[in-house]
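Please read it alongside the sequence and the structure.

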Amino acid sequence: MWHEHDPEPKVRISEKWEPVFAGDHAQTRAHRLLSGMMNYSDASIGASTIAPFLSLEGVRKTYPGVVALDGFSMEVRPGEVIGLVGENGAGKSTLMKILGGVTTPDTGTITVDGVAHDGLTVEASIGSGIAFVHQELNLFENLDVAANIFFGREPLRAGPLKLVDRARLRALAAPLLKRVGANFSTDTPVSALSLAQQQMVEIAKALSIEARLVILDEPTSSLPLAETDKLLDVIKALKAEGISVIFISHRLHEVERVADRVVVLRDGMLAGTLPKSAINHDQMVKLMIGRMLKEREKAAESARPPGTVALSAKAIRTNAYPDRPVDLGVRHGEILGLAGLVGSGRTELARVLFGIEKSLGGALQLDGKDLVLGSAADAVANGIFLVPEDRKLTGILLDLSIAQNISLPNLPAHARRSLVSVRAEAATAEKQKSNLGIKAPSVATRTGTLSGGNQQKVVLAKWLAMNPKVMILDEPTRGIDIGAKAEIYGLMRALADAGVGVLMISSDMEEVIGVSDRIAVMHEGQISGILDKEQFSQENVLLLAVGKQPK
Amino acid sequence: QEKPTLAFVVNGASDFWKAAEAGVKKAQAELPDYDLQLKYPEQSSVAIQQRLMDDLVTAGVKAIMVSAVDPKTSTDGLNKIASETALFTTDSDAPQTKRVAYIGSSNIDAGKQAAEIAKKAMPDGGKCLGFVGLLGADNAKERIEGMKEGLAGTKIELIDVRGDDIDQARAKKNVEDALVASPDVTCMVGFYSYNTPRIYEALRDAGKLGQITVVGFDDDPITLGGVKEGTVAATVVQQPFEWAYQGMKLMAAYLKGDKSGVPADGLIIVPTKIIGKDDVDAYAANLKAMSGN
Amino acid sequence: MSKKDLGLLILILVVGAVVAIINPRFLLPINLANTSNLIGLFGILAIGQAFVIITGGIELSVGSVVALLGVLFIDFIATRGMAWPVALPLILILGGMIGLAHGWLITRLKLQPFVVTLCGLLIYRGVARFYTADGTAGFAFGQNFPELEFLTAGRSWGVPNSFIALIVIAIVMWVVLHRSVFGRYLYAIGKNEEAAKYSGIRTGRVVMAAYVICGVLTALSAIYFAMYTRSISPASHGQFYELYAIAAAVLGGFSLRGGEGSLIGVILGTVLLQELQNLVNLLGIPSSLNFAVMGGVILIGVLVDQQWGVFRERRLMLEATRKGAAGAAAE
Amino acid sequence: MSKKDLGLLILILVVGAVVAIINPRFLLPINLANTSNLIGLFGILAIGQAFVIITGGIELSVGSVVALLGVLFIDFIATRGMAWPVALPLILILGGMIGLAHGWLITRLKLQPFVVTLCGLLIYRGVARFYTADGTAGFAFGQNFPELEFLTAGRSWGVPNSFIALIVIAIVMWVVLHRSVFGRYLYAIGKNEEAAKYSGIRTGRVVMAAYVICGVLTALSAIYFAMYTRSISPASHGQFYELYAIAAAVLGGFSLRGGEGSLIGVILGTVLLQELQNLVNLLGIPSSLNFAVMGGVILIGVLVDQQWGVFRERRLMLEATRKGAAGAAAE
Ligand SMILES: Nc1ncnc2c1ncn2[C@@H]1O[C@H](COP(=O)(O)OP(=O)(O)OP(=O)(O)O)[C@@H](O)[C@H]1O
Ligand SMILES: Nc1ncnc2c1ncn2[C@@H]1O[C@H](COP(=O)(O)OP(=O)(O)OP(=O)(O)O)[C@@H](O)[C@H]1O
Ligand SMILES: [Mg+2]
Ligand SMILES: [Mg+2]
């Protein structure tokens, strides 16, 4: 069961929003800044008047074969918003996990209120006022929203049995949901929520903790624009209350908007700290990857005119909106962006196109011929591939090696007389590893130990190693760093140029507008409109997303 | 372990064999030159018993007396043992094998004796319900068959026998359910040693003790108590003590070359006995004396 | 009461009605009392099992524990002359300690529950058999413990006290499972143990507590079983009881993956299983078919439940589709 | 051979050496032949179980299937006079069909493997008992099938043919599991079925195939067991064999969560279990302790393996840290 869809969308279009992606102009400004490159450090802003309540000193953390953090130090002062940025695998999550008490550092000290620790436990961390929204979701789908928000801190009734005061629980949870802009109620089971809605619950949970420091590890990775705005407002409100926030995001413009200070991590070390005045997109990129980016412009240009319709959906109806038929066609050689609000039904459509889920009606056509998909295997056999939204659950096998993951969908091609050839497998994997720049000790590395971005590249690699006709990417750059993003855009463009029909589902406005050749927008399970390149604007996309006509 | 070993292999863990253990003990006292053992297989299954005997042979046992789990169909397995050591059977015979001799009683005769008890207790006829552990086991089948034979032509009838897979909770519930399902039953027979006590207790709980004739097998203390009390008509007892005691001595003699103890037909029948109210005290005293040995 | 539980209740009533029509003696008070006595015995066992299954674990040693603790209890009071008010708590503590050991091995040493309790199944039965040297533990003829017997095998107003005990335990455990913080943690851990840990829950302790509860309840039912059969041959006593308990929980809507199921469900599951056993005897079905009937009904029950869910979902979808189509036409 | 398998092998050899020192008759060719015969029988069973466990499933009905198919096989050739070269493939097909039914219920109707096979455990035993009316199925006196007996219970160069069959099957299955595309799919599904599905693998078919393989191998071992005991009382034949098979797999390093374990491991697990059984009998340990010894050794084996893993990981970590520190100092 799912909640009623509110006919009146509670979405406001923020006026304050301004695109950061500004092409050449930004580029030149960056060059100017770079020439006089200052290497900021904590010392340069040491004049800060308020004393830090939390500090890390020489923290080092190693995993077998990887140094995740290498002698890192930083401090957190009350009421400041720290933006933490860095490439995939730079060690951001590891650092936060250390603060959250989930892992302990090999060496180094954590000082909280003047007391030095070798490492924190989860309880100690919560006890000292640290609230943590994890990068990977950590909700209990068999409990309802209210229970999840106050999990571990339930209001109790008097008595020895520690009974939960359920009425108070709901009363406490309701305002929090309102604050994050959720459109579902406190007793909705989490299993009925979409990924983005679950992320809202996580944020509400972090707000519910009487915290001095709220850590948000990529909280916006699957949040569309309007919800993201809400979150940024929440962060500002926290700051006003004197609560510190550490905000991790690969969407640098978000960081730009809220951060008082940006800490940049590179290869587990501090690459630099930017004070409020010096925070800008290009500066952050420069510190993150040590060079400037050029690829993105190239990615936006299509090298060939779009061809015939590759895959088309005719009046397809999905489980999410059984009463709304969808019509959509992806053409050979184009990147078709698919935008929409949270829960607009894009993922469901992708699942039907990939044969994972049966459609409730309508028909599919591939190159004009009727197509019946009984399973994902049928889709793969027809050259329709999907890069799914939930990487950890459906994208890759964390326990298998990189090579085994890449060869999995095409194993018979790596086998002789149905015996797997390890050599052929490794060869394919090596090729993809260097093509995509996957950062890993070797192709035999367990995929689970890679950083999020590199895992995403492995998912892509497994399909790129075959010959796609239609490639569906559901939030392909979710949690991916800016450099890798550019690479992925380049790959998508290369696919399109090779005649592949690319359908890119994305909640990232910048990405949708910057990369697509056409943009289809979904509203409550239906395509509310398709924009051509000359109609591209943020406003038009948002108008369509809430079911209005574009200008 | 220079002394030759003689083994008594039973068919499963049960109190029934405690008396046999006493018999082995007594024989051991009289046979200091031998090492006597009594072995339980960990489960009542042909494969496991066969394995146990194979291992005993490997360990150098000179003679085995076995209560085979399924003698009728284990001919080859038993013959394999018989070819490597002196094999005797007890409890239920395997006449087609190369066993040296059988020592034990006849379950058919025991069943007939149970019929005697029923006839004596219910001269006007009646309806009997039986309870047993494993309906398919040979000893159960023979006892039931013997009882039916003994009842043939009388007004007493054995209408059904319920199995419980040696689960005592189910054994008791079976009796309780039978009291509900067949209110006209006038007699109950417990074919396995634990069935009679469960009948006794279920009747006691239902307040029907004394109203229903109980025919027992074997000598569980509760059964004997019931006999003494008069609520159990009588019980048919085998004499595993004698099987073990006589059997061990016979095997020892046989190994020394003295084959006089083995009759021509190879059958040494130790008859079963009916223990009624009058003999129960003497029997119980004897039992106690034996186990005290 | 959830839809699932309601379905099970209806199944129980339908089966009961059919049996009562074929053999009206099914409804005799004495039969109901006998059956509810066994429901009490097995129900206590199944509740214990349910607590473990909620956490995503499993307790396979239940049957062997029933044998071992039953043997010890009878031995303590019948042979060693210990007063039963001493022996009873002692046995419960022993049960708790067994649960604690399992919980410790599972949470601290990170062994799989299936493995730990499988070893328990083997070890406890072995110990029980060794303890009596494969003999039977039982009371002498005429040995009586009136108060103990009243509490365990007696009746009050015609209702077996074991059943009353089950009701009391069920109510307490319902509150613990469905209303207390501990219960909430159990569900959470069953669904996502990692996340519970990240929320600062001492998951190890909670899981251990579940095994301890299971151990204590198993010990209690071991005493009830011992007083019901009044004699225990350790080689076979309690064999397969873990399967009964698991089957009751599964019938009652528990998932062996953890995090799902309700207390009412497990009780209803037990009721259905005992009703089936009763039915086999009352309708004169050959006792060899006992197992087959039980297996068949569980399978059908689970299937119907599962297919019913699929069917309902489909109907909802269809309705929505129709409504949508109608709406579209109206526009 | 993995480190895990090597550890198990060493354990087997050490136990063997100790037993041989205490009772040198352990090494008699006849004893080794007897034991390897049983290793063959149980090994075939365990390999089948392993295929199911790899997928994250479990097959609890193995013991009952051994009873049912054993009864049918003996009935076909001994009572109904079917030629054994007809009966044998027929039984294998029946085994495969049972596996197919389980696989179908699990993959298509989405029932839990534990539930499906638990019901199978109950149903097949019930059917077997009903089929013979709780009687015993066996050969009449003097009924012989020389070729069949040679193949199943005979010896070649002193080695039991059942053991040779195991070796052949093990080699074939090793290739299937560790080298073939199908084997890779099994591991992938065991690790994460959803992700495997998203990679375009027809997971339903692969899982079904695993259950069919398990069914066929179980049927084969049912025939071997039938020819070994030559008589089957369906109430008890094969009871707990599923536990032996699961225990062998777990000892051999399989995880019941799926996706882990090697074929060599499961064979070594079987060897260890049979060695233990042999030891109990040879050293004159009371057979009541048989189960306890088995349980104890499995527990210790699993514990040592687990703790060894923890220890190794810690050492690796420490080394990495030290190396890192040294590197930092050198800079
Ligand atoms: N449990 C683990 N075992 C082994 N290596 C790990 C583990 N967790 C993290 N790592 C490694 O540590 C490094 C830092 O990872 P971390 O997750 O902190 O990166 P991140 O900055 O959060 O990246 P992303 O932006 O992709 O989330 C990576 O190289 C990663 O592969
Ligand atoms: N199988 C299902 N049955 C019923 N409702 C579903 C099902 N799957 C998803 N939904 C609901 O349908 C809506 C659409 O979900 P979907 O994941 O397709 O949206 P989306 O556009 O991808 O949004 P998001 O940004 O959250 O990923 C959500 O509200 C979700 O809760
Ligand atoms: Mg991260
Ligand atoms: Mg989505």
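Across the interface of chain A and chain D, 8 residue pairs are in polar contact, both residues being at pLDDT 80 or more. A polar contact is a pair of N or O atoms within 3.5 Å; within protein, one must be able to donate a hydrogen and the other to accept it, and residues adjacent in sequence count only if both atoms are side-chain atoms. This is a predicted model, in which local features need pLDDT of at least 70, side-chain atom pairs count only at pLDDT 80 or more, and totals for chains, interfaces and linings use all residues. Residues are numbered from 1 along each chain as its sequence is written, chains are lettered from A and ligands numbered from 1 in the order in which they are written, and side-chain values use heavy atoms, leaving out hydrogens and water.

**Chain A with chain D**

- The contact joins 34 residues of chain A to 21 residues of chain D; contact means heavy atoms within 4.5 Å.
- The size of an interface is often given as the accessible area lost when the parts come together.
- Chain A and chain D bury about 2400 Å² between them, with 64% of it on carbon and sulfur atoms. Buried area is the accessible area (1.4 Å probe) that two parts lose on being put together, summed over both.
- On the chain A side, Thr394(A), Leu397(A) and Leu408(A) lose the most area to chain D, together 20% of what that side buries.
- The count between chain A and chain D is 3 salt bridges. A salt bridge is a side-chain nitrogen of Lys or Arg within 4 Å of a carboxyl oxygen of Asp or Glu.
- Elements giving two or more residues to this side of chain A include strand 1 (54-63), helix 13 (391-395) and helix 16 (452-464). Helices (H or I, at least four residues) and strands (E, at least two) are DSSP runs, numbered from the N terminus.
- Helix 12 of chain A gives the largest share of that side, 4 residues.
- By class, the chain A side has 20 nonpolar, 6 polar and 8 charged residues. Ala, Val, Leu, Ile, Met, Phe, Trp, Tyr, Cys and Pro count as nonpolar, Asp, Glu, Lys and Arg as charged, and the others, Gly among them, as polar.

**A salt bridge between the chains**

- Asp378(A) pairs with Arg202(D) in a salt bridge, the closest N and O atoms being 2.7 Å apart.
- Asp378(A) is buried, with a relative accessible area of 19%, while Arg202(D) is partly exposed at 31%. Buried means under 20% relative accessible area, exposed over 50%, partly exposed in between (1.4 Å probe, protein chains only).

**Domains of chain A**

- Chain A is divided into domain 1 (306-383 + 468-551) and domain 2 (393-467). The bounds come from an automatic or database domain assignment.
- The C-alpha centres of domain 1 and domain 2 of chain A lie 25 Å apart.
- The contact takes 16 residues from domain 1 and 9 residues from domain 2 of chain A.
- These two domains bury about 1000 Å² between them, 76% of it on carbon and sulfur atoms.
- In domain 1 of chain A, Pro468(A), Met471(A) and Leu491(A) lose the most area to domain 2, together 38% of what that side buries.
- The count between the two domains is 1 salt bridge.

**Salt bridges within chain A**

- Over all chains, the count comes to 49 salt bridges.
- Arg261(A) and Glu80(A) form one, with the closest N and O atoms 2.9 Å apart. Arg261(A) lies in strand 9 (residues 261-266) and Glu80(A) in the loop between strand 2 (66-76) and strand 3 (81-86) of chain A, so the pair ties together parts that are 181 residues apart in sequence.
- Both Arg261(A) and Glu80(A) are buried.
- A network of salt bridges links Glu75(A), Arg77(A), Glu80(A) and Arg261(A).
- The side chains of Lys439(A) and Asp267(A) also meet in a salt bridge (3.8 Å, N to O). Lys439(A) is partly exposed at 42% relative accessible area, and Asp267(A) is partly exposed at 47%.

**Thr196(B)**

- Thr196(B) lies in helix 7 (residues 195-206) of chain B. Thr196(B) is buried, with a relative accessible area of 0%.
- A polar atom of the Thr196(B) side chain lies 3.4 Å from the backbone oxygen of Gly190(B).
- Residues that Thr196(B) touches include Val214(B), Phe217(B) and Val232(B), not counting residues up to four places away in sequence.
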